[in-house]
Amino acid sequence: MATTKLTPEVDPLLQAAANAAPAAGTETVQMPVGVPGYTLRQEPRQVPVTEPPVLPVNKDLQYIGKSPTRWDSHAKVSGTARYTYDMQLPGMLYAKFVCASVPHARIVSVDTSEAEKLPGVKGVYVVQHLLGGAVLRNPSLDPSKYPIVRYAGQPVAAVAATHPHIAEQAAQLVKVQYDAKPFVVDMTQARQPNSPQVFPGPADQAGSAGGGGGPHDVPQTGNVHGPSIHKKGDPEQGFKDADVIVEGKYTTQVQVHNALETHGVVADWKPDLLTVWASTQGTASVRDELAAYFKMPKSQIRVITEFMGGGFGAKFGAGNPGVVAAQLSKQTGAPVWLMLDRKQEQLSAGNRPSSDQTLRIGAKKDGTITAMQLISYGTAGCGTGAGCAGPVTHLYDSPNLHTEENDVFINAGPAAAFRAPGHPQGAFALEQSIDELANKLNMDPIDLRDKIDSNPVRRVERQIIRESALWKSRNPKPGAGAGSGYLKRGVGLSQSVWYRFIRMDSSAEVRVHRDGSIEVLSAVQDIGTGIKTVMAQVLAEQFGVPPQQIAVKIGDTNYPIGPNSGGSVTTASLTPAVRDAAWQASQKFLASIAPALNTTADDLVLTGGEVRSKSGKLQPVSFRRAAKKMDTDVVSAQAKRIPDYDPAKYDTYGGVDVAEVEVDTEMGLIHVKRIFAVHDCGRPMNPMQVKNQINGGLIQGISYALYENRLLDPKFGYMVNPNLDMYKIAGPRDIPQLDVHVIESYIGQSSTDASGIGEAAGVMSAAAAIANAFHNATGVRIRSTPMTPAVVLEALKQAPQRSETA
Amino acid sequence: MKQFTLADCTTESAALSQLNGGAVVKAGGVDLLDLMKSGLIAPSRLVNIRNISGMNGIQSTPDGLKIGALTTLAEISENPEIKSQYAILSDACGHAATPHIRNMATLGGNLLQQNRCWYFRSDDFACLKKGKDVCFAFDGLNQYHAIFDNGTCPSVAPSSAAVALLGLNANVELSSAKRGKRTVALKDFYVKPEVNPMTRTVIQPDELLTAVTVPKPASGTRSAYQKYGDKKSFDWAIADAGVVLEMNGNICRKAAIVMGAASPVVRRSPEAEAVLQGKPITEETARAAGKAAMQGAQPLSMNGYKVQLFPVAIYRTILLAAGQMGRDPSAAG
Ligand SMILES: Cc1cc2nc3c(=O)[nH]c(=O)nc-3n(C[C@H](O)[C@H](O)[C@H](O)COP(=O)(O)OP(=O)(O)OC[C@H]3O[C@@H](n4cnc5c(N)ncnc54)[C@H](O)[C@@H]3O)c2cc1C
């Protein structure tokens, strides 16, 4: 999501209707709001009369807020779950990309004749329109028959053959003639006026359903796309008014998503229907891009995602694999499998941009912030989206703010939205600066944040941390490190913020059959977060039967529209629609059986697996037996997401993380010993799954902080570590004890009151928390990631910054 | 990957008879498949030796040990005799790579795996080690490269087992159909890039490495190996150290100090060994030895930090061998 955007994604018409309170057909209801044990209270909300009754807090519910076994855990653990990668259809062909072998060039010609002659080859396609990356505002600046090559590894053509090895061999037979152009892969160099230019003029990248992409209305000078400037108040005066100013330069690396399942699809183009199995975060997004690309009606495309092996923000739309596989299937009349290999995945399927930030914060002696200023540069390769002003804009109260974000083009694969775009970078700088400010003011970092952060939920989270044994064990004096000899122990904290985005394209249908079986259908995909299980829980709560009895059918555009899973929207967007559909279906069900039971629907309730009579007119009957009385074989209801009840309130959420580290000062190794993470996500629908997300977010954050780094050879422009052994991702022994504390934070916004968690899951704050712990341990600031031994030893050469202690 | 035929052999002689016409041996396949998948080698025939029963297992002999080339790293690391008498070897095999790789990886394959260098291992770069005349690491990204003997090809020696076995003065047994058996001391087994960057060892294409023999250590010998990486799991060494101390009471009679990831060929440090000889093992002497081991180091543009890491790896491993320090929690594997 664009960092500065705070408005939830809602249909403006619906929003206008919602705002016109008190609208006809609404009523005022009391809803639980706040954190149980701290701030829980009832608040009124104006709610459509068609909404189901208000849900009480989790402890008063039977299935929601509990953690039943994950719907798909057995299939995943036993290997029976079928991913797109595993798809095999009769007569299926395997396709392989031919990728550019130079970082910047005009393609003169593509000779596919040798490849076509290879036995087993059924189709060859030369890419005509490339998806992803920035596009020239004035395309005529770069006339070319084929897409200009802007990075090594860019898809140029593809071949489809009866066997993957034949396809691979054929791909090597395609001869591409390049007219090579000068290139640049180093961001510092790319900022120089005499640098080779990635684009001959201004170019912009569109965001995806997962966000990403940069601003379009900014200047461009050479490779520098920006600045995108935001100003609030009078920053200059703010700095004049400050008693203390902290200023620092921070750099972060490019991180690659590297989901375990690579990008790709299996496409089966039949005359009246294109069926696509896709590893995607948005079945609808794949369908929509294919419909636009091939100019065909949405109704003739079906996208299926039964299981998918991770996306982290980079898997929206059909992308190059999707359109090329569909094209090859159309050409050959056979289904086509096209999944990227690991190298292609790293080169062409997205990444988190780097950053080079200069951050200044001015404050009064009591901590009150007077001004903040962030100037950032970052590279999203041949795309945009490197802005990282989100945290500085949204975490703290400052009357005066000035941010300038710049994208710097280099000849590398375009970035894509990546789990909290811009935030890990931004938080790394901001949260260290706040820590530095606390040291300068001789204040406790939690006290300072209590002063400058008015968010009521984070206040509770900080309170929980303040009372924790881990925080109490922290030696407030930087560098005093409780450890002995070369091992120094430290504890540090970081906060994070994310936005409450809601996607209105979220619908579900609930059906009750006369045999007593219940099912729920939605096109939503489960990207590994567990929405299937949560949907079953919502139905279980409504019908009073265990979640195991609910059939959940998702991941198919034949079902009602589901939200694209980006921006942490899925649970928050879809579950209210599911609950509304379940509520309506249950009402219809009761109406359908009431006559046969000689009573009325409003006399009946569903609970404990039974239909019971409020008046006591009849004995409880099991749900299954009652269903036999239905006057038709199936009752169903479909519902869509309605706008949040009070969208002006609670537009962000987040968490606070504390890291404990031990620094081996001789080896330059940072051992993360423990992370204590306190997070909120509205109503936790399934606390175990929320914890899973936070565990994963923290691990990804640690991995970003210490290990991951996309490395491009500066002279040749090739990535030197496009595999999973030299592109280093945290492994089992690198993962510390993770103590995750999920708080219930009711906000009274929908019929389930859920928020998201995927992004506010520690991935934003881990690096900053570790760096603050490092400073606490050693008295030295480390301002660059990944914090490898080389970086740590270099940092330790500086004398501890006495200036940070008052 | 190109198509190939697979010759699945169950006897040494059957395997040897297949080793011609560009055939390549497959043991655990861990390194081999990586090389094939990235297109660095494309053999027309793979000779699977994994199922040869006679090349397996650990034998205790009056002179020491004989370890079959197909013995896995996991088996070696768990062997009680090796644990107590040859700790450096169980340490090395027990902390190389990851548990699942150690279950697949064989001792022979571990000694014969190719060097680490991302330019060599990438099909985007045709370098010295692939028969071309340029090394990309000198002007490129060389943070993981060699700090010694790096004038021709600064790739680094990958094998943890080789570090241990060099310290233990081991020999390897080679066998060919035409020329029969021969024994080569491990110190003469590896070929420096100056001599030939393309051949890593003296083994010939028609030869099998059948076993490794390790002489019995002198009484009073204590030894250890430790490896350090950016990460603790699933990572290569950025610094490692193998230490063998022949002790007489607290006095070190003789020492072997070995480094792996410092140079293209596993390297003993006579300078470090000299520091310890005839001295008691203390933190001070151990640190002095570590420092001495860096004499002559010539770091490249980005790997200067390794010159700082090796002395630490060495002193801590000396103290571990001498029983004066536990296994270092900072060590990897
Ligand atoms: C992430 C990662 C980290 C790693 N870390 C370490 C580490 O810390 N320390 C370490 O030592 N290793 C490490 N390794 C490497 C791993 O241990 C080796 O790849 C493995 O030991 C190779 O053994 P293999 O039996 O699979 O050999 P193969 O891959 O089967 O063979 C390797 C080579 O030896 C040849 N060969 C094998 N056996 C014979 C024989 N008997 N006679 C003749 N030729 C033969 C093959 O032709 C091939 O060229 C790591 C690997 C990975 C992926």
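Trainee: How many salt bridges count between chain B and chain A?

Mentor: Nine salt bridges count between chain B and chain A. Keep in mind that this is a predicted model.

Trainee: What makes K343(A) and D124(B) a salt bridge?

Mentor: The closest N and O atoms of K343(A) and D124(B) are 3.1 Å apart. The cut-off is 4 Å between a Lys or Arg side-chain nitrogen and an Asp or Glu carboxyl oxygen, so the pair qualifies. Side chains of opposite charge can pair when their charged atoms come close.

Trainee: Where do D124(B) and K343(A) sit?

Mentor: The salt bridge joins the side chains of D124(B) and K343(A). D124(B) is in the loop between α7 (107–112) and α8 (160–167) of chain B, and K343(A) is in helix α9 (residues 342–348) of chain A. The pair crosses between chains. Over all chains the count comes to 63 salt bridges.

Trainee: What area do chain B and chain A bury between them?

Mentor: Chain B and chain A bury about 3,400 Å². Carbon and sulfur atoms carry 56% of it. The contact draws 39 residues from chain B and 35 residues from chain A.

Trainee: Now inside chain A. Which domains does the assignment give?

Mentor: Domain 1 of chain A covers 84–181 + 263–339, and domain 2 covers 502–640. Their C-alpha centres lie 40 Å apart.

Trainee: How do you know what the two domains of chain A contribute to their contact?

Mentor: Count the residues with heavy atoms within 4.5 Å of the other side. That gives 17 residues from domain 1 of chain A and 15 residues from domain 2 of chain A. The area buried between them is about 1,200 Å², with 46% from carbon and sulfur atoms. In domain 1 of chain A, Q281(A), T283(A) and R302(A) lose the most area to domain 2, together 36% of what that side buries.

Trainee: Why is the pair D556(A) and R302(A) called a salt bridge?

Mentor: The N to O distance between the side chains of D556(A) and R302(A) is 2.5 Å. The limit is 4 Å, so the pair meets the rule. One salt bridge is found across the interface of domain 1 and domain 2 of chain A. Eight residue pairs are in polar contact there, both at pLDDT 80 or more.

Trainee: What about the two domains of chain B? How many salt bridges are found across their interface?

Mentor: Zero salt bridges are found between domain 1 and domain 2 of chain B. Six residue pairs are in polar contact, both at pLDDT 80 or more. The side of domain 1 of chain B that touches domain 2 has 16 nonpolar, seven polar and three charged residues. The two domains bury about 1,800 Å², 69% of it on carbon and sulfur atoms.

Trainee: Last, the backbone. What is omega for the bond from G226(A) to P227(A)?

Mentor: Omega is near 5°, and the bond is cis. P227(A) is in strand β11 (residues 224–232) of chain A. Another cis peptide bond joins T785(A) and P786(A), with omega about -5°. P786(A) sits in the loop between α19 (766–778) and α20 (789–796) of chain A.

Methods:
Residues numbered from 1 in each chain as written. Chains lettered and ligands numbered in written order. Predicted model: local features only at pLDDT ≥ 70, side-chain atom pairs only at ≥ 80, totals over all residues. Heavy atoms only, no water. Domains from an automatic or database assignment. Buried area = accessible area lost by both parts, 1.4 Å probe. Polar contact = N/O pair within 3.5 Å; in protein donor to acceptor, adjacent residues only side chain to side chain. Helix = DSSP H or I, 4+ residues; strand = E, 2+ residues; numbered from the N terminus. Nonpolar A, V, L, I, M, F, W, Y, C, P; charged D, E, K, R; others polar.
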